[in-house]
Amino acid sequence: MWQRQVGVPGHTGRDARADRRRRSNASPAPAPRPGERLTSDAVSALQGSAGNAAVARMLRPARPSTVPVPVQRLRSDDEEESDDEGQPAQQPQQQAPAPNPNQVRAGITTLVDNPPMVNYGARRQGRAHGEFWMRFARSKQGEEAEETLSETSALLFDSMKGAQEQAREEDPEHTAEDSNNREVQGMLINGRLVFASNYNSSIDTLVERGRHEVGAEPTFGELLEFEQSDAALTRGLREHEAENVRAKLASFRRKNRAIVTGQRGEGEQQRGPDATAMALRAKMDSPVIVVDVEDPDLHGMLTDEEHEGRVFLLRFAALDPRAKKTGKNKGQQTQEGSVHAEQKLLLALRRAGIRPRRDVRGPISVMGKYRPCMGCAAALMYYRERLDFTNLTFDENYGHYFQGSVDSLYEHQRHVMDAHYLEYIRQMVAEDITSTPAMAHEAAPQGAVHRRGGPSLRVPGAYASRQADVTPPTSDAEFDEDDTYRRITRPLTDTWTTETASAGIGKGSATHTIPRRRHERLTPEQQTELRELWNGRPGEPPTNASRRQAIELADRYNARDQMTFEYLAKVVALHPDRFNGYVARFRDRGHWKHVPTRSKKVETGPKNRKKGAVEKQFTKGGELDQEGMDTIRAVIESLGDDAWCRDWRRADDGRSTGELNATKAPDALLRTLAELRRDHHYSVPSLSKYLHTGANGDKLRKAIQRKGEKLLARREQSETPMRTEDIEMEDAAPIKTEEAEGAEDFEMDDEPWSVPAGFAGGSSSSMTLPHRPGPSIGIGEAGSSSGTSYRDRPREIGGYTLHVDPRTGQATYIDEDTGYEYVHVDGRMVRIDRGEDEDVEMGGSRGRR
Ligand SMILES: [Zn+2]
């Protein structure tokens with residue numbers, strides 16, 4: 001958007017300026033096709049050729065609006081720019097009424113109240129797209145003046161906050177008016193600097209404190225010596241945000257030091273000339289000038305030679321508190337008003353009557369600590385495109401939409417609110433998405449694209465920064481012992497990873513891959529809270545309500561704070577996918593109340609099982625594959641603390657190196673191996689290698705032939721799903737059908753919540769199935785092995801797909817969210833580890849993922 005192509009570097013720098021100049025000198029642009037972006041050149045061309053009706057069609061908002069949007073040629077108040085395109089007068093018969101500012105505002109409301117715009121923080125954080133361009137640290141080569149303007153604004157902001165903090169300490173009763181101050185923006189114009197904040201009182205307090213401190217009118221450098229305490233700087237910030245803001249400020253201070261020591265600005269160390277730095281260096285001993293936008297001398301201050309190199313702090317007296325003149329509270333002071341800092345700067349241009357062609361020499365730039373919001377970005381755009389400030393540079397990678405911005409524009413600069421302004425907003429809403437900064441030290445991950453001069457990654461809104469800072473620069477400054485400045489490039493860290501997240505419930509297996517930061521952390525208190533809400537504390541088991549709270553917390557930590565489920569699930573000792581599944585379900589339908597009772601039909605195959613599904617196992621041969629390993633591992637795990645299995649786990653973990661005796665392997669395992677051999681033709685050496693029973697597999701082969709095959713034959717000859725030798729393996733299953741009572745809140749109150757942390761964490765080494773006689777499987781109370789078919793079917797459990805092995809009667813439950821397999825033991829769901837947690841629990845020795 002912004003009439004430039006994605007990926008053009010240096011869009012706010014000199015390249016962009018040259019680009020614009022070229023563009024404005026070009027012959028009229030061809031008329032765009034419907035739906036194509038409309039450049040102002042094209043608007044002009046259309047107006048000249050096809051008339052307003054055509055323009056109106058082109059400007060029609062993407063979504064139906066009640067606002068008519070014909071375009072009237074903008075006639076600026078500045079005389080000499082009135083006919084800059086040399087277009088003939090409108091043809092009166094085609095002239096539709098231009099939208100008035102009220103209609104423009106209503107049109108904007110229609111745009112921002114509808115998709116793709118989304119509310120954030122109940123609109124406290126404004127509106128933005130569902131996805132953002134996250135912009136990673138980049139070189140600001142060619143944008144030196146803009147870079148320094150932005151960094152200096154951030155320093156000044158910190159000073160304003162620091163002065164406010166001091167003022168509060170001295171007079172705690174005094175409530176600071178500017179506690180809501182959010183932003184400082186600076187303007188470079190004619191070799192001087194003008195800074196504005198949201199509130200006048202931010203400037204007043206800083207200058208008062210400065211006077212108090214130095215006993216005279218303070219210089220800009222003296223004002224920058226005010227700094228916030230670390231506590232104030234990082235209040236309300238999460239750890240990574242605090243680190244980020246500290247690091248950035250420290251870097252900006254180093255760069256500022258290089259400037260004021262005369263080492264930075266002229267174009268040094270492969271850096272281009274920096275007009276902002278040179279302005280900062282020009283008259284360092286002169287005090288700052290506080291000036292109001294209504295000051296009759298403002299025009300001279302912004303344009304004459306005398307004030308070159310001066311620093312101005314801009315007030316707007318209309319915002320000051322004033323005594324109420326009427327009403328019940330007559331005489332009472334009104335609250336101080338605020339406008340977005342960029343708008344104050346534009347207002348200064350307007351009220352001072354700055355005529356761009358006559359009064360502006362050289363670069364003019366508006367840059368701040370933050371990227372402009374949509375309303376301000378469109379206003380800046382308007383000044384550049386419609387009011388002829390063709391050299392104006394600003395951050396075009398706009399942030400959120402805030403209604404207050406458009407409202408104050410409506411109040412103070414209504415001349416901007418026309419069809420063109422509406423069109424700029426429409427482009428921002430419909431043709432691009434909101435931008436957000438990565439943290440300064442973060443390297444762009446794989447998948448980032450080069451966009452507008454730097455790496456950008458499309459991320460979901462949940463990962464948007466709460467601080468709408470401009471894109472961080474990669475450059476930094478350091479000093480040697482002689483205080484000689486050296487320009488360096490900061491090292492960046494790989495902080496991003498990708499995670500596959502559940503896309504919700506519904507189809508169950510739907511997932512999508514999203515980029516994530518890896519380093520979000522809970523405080524120890526937060527960890528304890530989450531753990532105790534989920535797992536209870538001694539003598540105080542978790543309740544339905546506490547688990548709901550835990551899910552809500554996890555939802556927030558994940559969505560808002562970007563913590564991964566890999567991390568959060570460890571805190572509550574659950575498997576990440578499982579915890580993710582609960583939260584995904586919560587997001588999808590809130591705290592679920594009702595789980596419909598399932599059909600009593602016994603499933604013969606799981607629906608969602610991805611790996612190790614019985615029907616899939618009979619398709620492969622040769623080397624032992626993952627499914628085979630899964631099957632073997634499940635059998636071993638089901639055998640609990642059997643001595644041979646214990647030894648195998650030790651060898652498998654690399655804790656021992658000895659060879660296991662194949663002939664002593666449990667019957668159930670040998671029978672399974674025989675079955676695998678017969679049905680999958682897995683080679684014995686590959687089986688033996690996996691079982692640590694010797695490389696050539698001779699012993700294992702004998703054991704399978706002598707024992708395993710016989711056991712298999714015996715089982716299959718029998719109609720009975722249950723035989724004595726199967727007890728070991730099958731005693732882990734439910735004994736009988738229970739009433740599917742408690743369907744209400746079933747999942748919240750029952751099985752899934754009851755998974756003991758140690759089991760549910762999925763560690764195969766902690767996975768111990770109860771190994772004792774009974775409850776036997778599927779065959780009535782007596783646990784007889786008399787050969788009767790099982791009469792009672794295992795109960796269905798909500799959220800799981802029941803799978804009963806038709807040959808063994810073994811009941812397993814497949815979690816529909818995660819695909820993990822469980823057995824039901826004494827009212828608990830115990831997960832059968834199929835080796836999926838290897839890298840989490842066992843150092844990734846087998847490297848499944
Ligand atoms: Zn704004």
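Reader: Is Asp-407 buried, partly exposed or exposed, and what's its relative accessibility?

Author: In this predicted model, Asp-407 comes out at 30% relative accessibility, so it counts as partly exposed.

Reader: OK, and which residue does Asp-407 form a salt bridge with?

Author: With Arg-105; the closest N and O atoms of the two are 3.1 Å apart. That pair ties together distant parts of the chain, with Asp-407 in helix α15 and Arg-105 in helix α4, 302 residues apart. Arg-105 has a relative accessible area of 25%, so this residue is partly exposed as well.

Reader: How many salt bridges does the structure hold?

Author: There are 42. One of them joins Arg-384 and Glu-396, with 2.9 Å between the closest N and O atoms. Arg-384 sits in helix α14, while Glu-396 is in the loop between β9 and α15, 12 residues apart.

Reader: Are Arg-384 and Glu-396 buried or exposed?

Author: Both are buried.

Reader: What about Arg-701, where does that one lie?

Author: In helix α26 (residues 698–717), along with Asp-698, three residues apart or about one turn of the helix. The two form a salt bridge, the closest N and O atoms being 3.4 Å apart. Arg-701 is partly exposed at 30% relative accessibility, and Asp-698 is partly exposed at 38%.

Reader: Switching topic: what coordinates the zinc ion?

Author: His-340 through ND1, plus Cys-373 and Cys-376 through SG, at 2.0 to 2.3 Å. The spacing of these donors in sequence is H-x32-C-x2-C. Cys-373 and Cys-376 are both buried.

Reader: Now Lys-344. Why does it count as buried?

Author: Because its relative accessible area is 0%, and the cut-off for buried is under 20%. Lys-344 is part of helix α12, residues 341–351.

Reader: What does the side chain of Lys-344 reach?

Author: The backbone oxygen of Ser-197, at 2.9 Å. Leaving out residues up to four places away in sequence, Lys-344 also touches several others, including Asn-198, Tyr-199, Phe-316 and Leu-319. Gln-185 is 159 residues away from Lys-344 in sequence, yet the C-alpha atoms are 9.1 Å apart in space.

Reader: Big picture, then: how many helices and strands in the protein chain?

Author: The chain has 31 helices and 20 strands. Of its 849 residues, 55% are buried.

Methods. Residues numbered from 1 in each chain as written. Predicted model: local features only at pLDDT ≥ 70, side-chain atom pairs only at ≥ 80, totals over all residues. Heavy atoms only, no water. Helix = DSSP H or I, 4+ residues; strand = E, 2+ residues; numbered from the N terminus. Buried < 20%, exposed > 50% of the residue type's maximum accessible area, 1.4 Å probe, protein only. Contact = heavy atoms within 4.5 Å. Polar contact = N/O pair within 3.5 Å; in protein donor to acceptor, adjacent residues only side chain to side chain. Donors = N, O, S within 2.8 Å, 3.2 Å for Na, K, Ca; no water. Salt bridge = Lys/Arg side-chain N within 4 Å of Asp/Glu carboxyl O.
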